[in-house]
Amino acid sequence: MARTARRHRLPSEAAKRFERGVDPELTVVALARAAELLCEYGGARVVGGVVDLDTRGPRPQIPLDAGRPARVAGVAYTPGQVVELLTAVGCSVDGDGTDLQVTPPSWRPDLTDPADLIEEVVRLAGYDDIPSVLPTAPPGRGLTDVQRRRRAIGRALAETGYVEAPSYPFVGTPALDALGLPEDDERRAVVLVRNPLSEEEPALRTTLLPGLLATLARNLSRGQRDLALFEHGAVFPGGVRTPAPLPGVEGRPDDETLAALLGAVPAQPWHVAVALTGSREPRGWWGAGRAATWADAVEAARRVAAAAGVELTVRAGERAPWHPGRCAELLVGDVVVGHAGELHPRVCAALELPARTSVMELDVDALPASPVAVGPPISAFPPVLQDLALVVRDDVPSAAVAAALREGAGELLESLRLFDVYTGAPVPAGSRSLAFALTLRAPDRTLTGEEAAGVRDAAVAAARAATGAELRA
């Protein structure tokens, strides 16, 4: 009844009565009063007695240990005080000593077990009498590895210029429809809340994007144009869920019951997401500025991975709600842990976002634990700097070319960096030029020109064999 009244926004006295229960003894009293008023003011005459077909059984008795309220609250309640307080709320109390049989009054249908009676005793005696004793915190534990990782991720994004914008973890069907998720997408298999805060958002989120994009749209509607937001928090994917047991309140659940309760809790992986639009670098006397692009979303993912102590691999991908041709898969090894890129134009139109709004979402719990950091070896010998420009097909990812160059260069390669991507004449159509900066160094000697040329040729040969790359003239 309470849910119906909230849904239709029609609170009434009847709704309150049905919600809290009605005293069944009130029926006979109301009939007698109605008959009395009819006789007094309507000239009626009562004929016969009351016909009451009562199919109810006797009211149940609740056994109660008179010393249990004192053990629960930590306050010394005497058995006489317990009986007095229960009698004050209308209960009938039978029994001697500590074993009591309590019969609740007819107007209190909420009193059904000993825990309810204990609550009444504590409430009437006064919550102020309950002592407040804080547990002693164990010394020397500090933050866990998971807590340190999450704080490092939030700090890294904040230092890069992103503003944290946490949102409620509830979503509705319109928000999922606006993202263009297919019907068979696992992110549509949401977990419904039985008593949601809002009937329009009755489900737990399976992705951070609906709340983050709603915050982005809200700030845009208030005149903001250059935005870079991030959020990290738990998501609640659907899937197979086991029913949870319902333990009683008479004592602490045993270990098996606690394990079953924890096993019934749905998985809650920790995600991080960013959304940005407008200018990434503002214009001024120093230059014309730079608009935010999908590359900034990918760079945000790299920052998150670096803060977590792992390295990401980026390759082309396709997944709603990203643009099919401007979506990147984020991998650790061979495992896809997230996606980044531009939103699909239909999604931008549905959410009233600017074109080419870029987003990134990454599963932080899928990132492996970072190994113990080991400092790089420092060589006292000078480096040899080499630049390579390789021509590859447009469908060959730069990460594959970089991996082949590293494998071919071997141990003498100290660092490898992509610093330029070029298309146009004289590069053939359907291809592009990737320019890499190689730093070569030996730990025990100065490299000769022949050694450096050999490393360069081996790297080019490995890239040619793996990706079909050709050295640009």
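This is a predicted model: local features need pLDDT of at least 70, side-chain atom pairs count only at pLDDT 80 or more; totals for chains, interfaces and linings use all residues.
Q: Why is V22 called partly exposed?
A: Buried means under 20% relative accessible area and exposed means over 50%. V22 has 46%, so V22 falls in between.

Q: What span is expected for helix α6, and what does α6 reach?
A: Helix α6 (residues 114-125) has 12 residues and reaches 17 Å from its first C-alpha to its last, close to the 16 Å expected at 1.5 Å a residue.

Q: How do you know that D113 caps the N-terminal end of α6?
A: A side-chain oxygen of D113 lies 3.1 Å from the backbone nitrogen of A115. A polar contact requires N or O atoms within 3.5 Å, so the distance meets the cut-off. After α6 comes G126, with a positive phi near 115°.

Q: Which elements pack against the buried residues of α6?
A: The partners are β1 (62-65), α4 (68-73), α5 (79-88) and β3 (99-103). The buried residues of α6 are D116, L117, I118, E120, V121 and V122.

Q: Why is the pairing of E120 and R108 called a salt bridge?
A: Their side chains meet at 2.9 Å, N to O, and the cut-off is 4 Å, so the pair qualifies. This pair links distant parts of the chain, with E120 in helix α6 and R108 in the loop between β3 and α6, 12 residues apart. Both E120 and R108 are buried. R108 and E120 also belong to a network of salt bridges that includes D110 and R123.

Q: How do you know that R315 and E329 form a salt bridge?
A: The closest N and O atoms of R315 and E329 are 2.7 Å apart, and the limit is 4 Å, so the pair counts. R315 lies in strand β12 (residues 313-316) and E329 in strand β13 (residues 322-332), so the pair ties together parts 14 residues apart in sequence.

Q: What makes E329 buried or exposed?
A: E329 has 15% relative accessibility, and buried means under 20%, so E329 counts as buried. R315, at 39%, lies between 20% and 50% and is therefore partly exposed.

Definitions and conventions: Residues are numbered from 1 along each chain as its sequence is written. Side-chain values use heavy atoms; hydrogens and water are left out. Helices (H or I, at least four residues) and strands (E, at least two) are DSSP runs, numbered from the N terminus. The expected span of a helix is 1.5 Å times one less than its number of residues. Buried means under 20% relative accessible area, exposed over 50%, partly exposed in between (1.4 Å probe, protein chains only). Contact means heavy atoms within 4.5 Å. A polar contact is a pair of N or O atoms within 3.5 Å; within protein, one must be able to donate a hydrogen and the other to accept it, and residues adjacent in sequence count only if both atoms are side-chain atoms.
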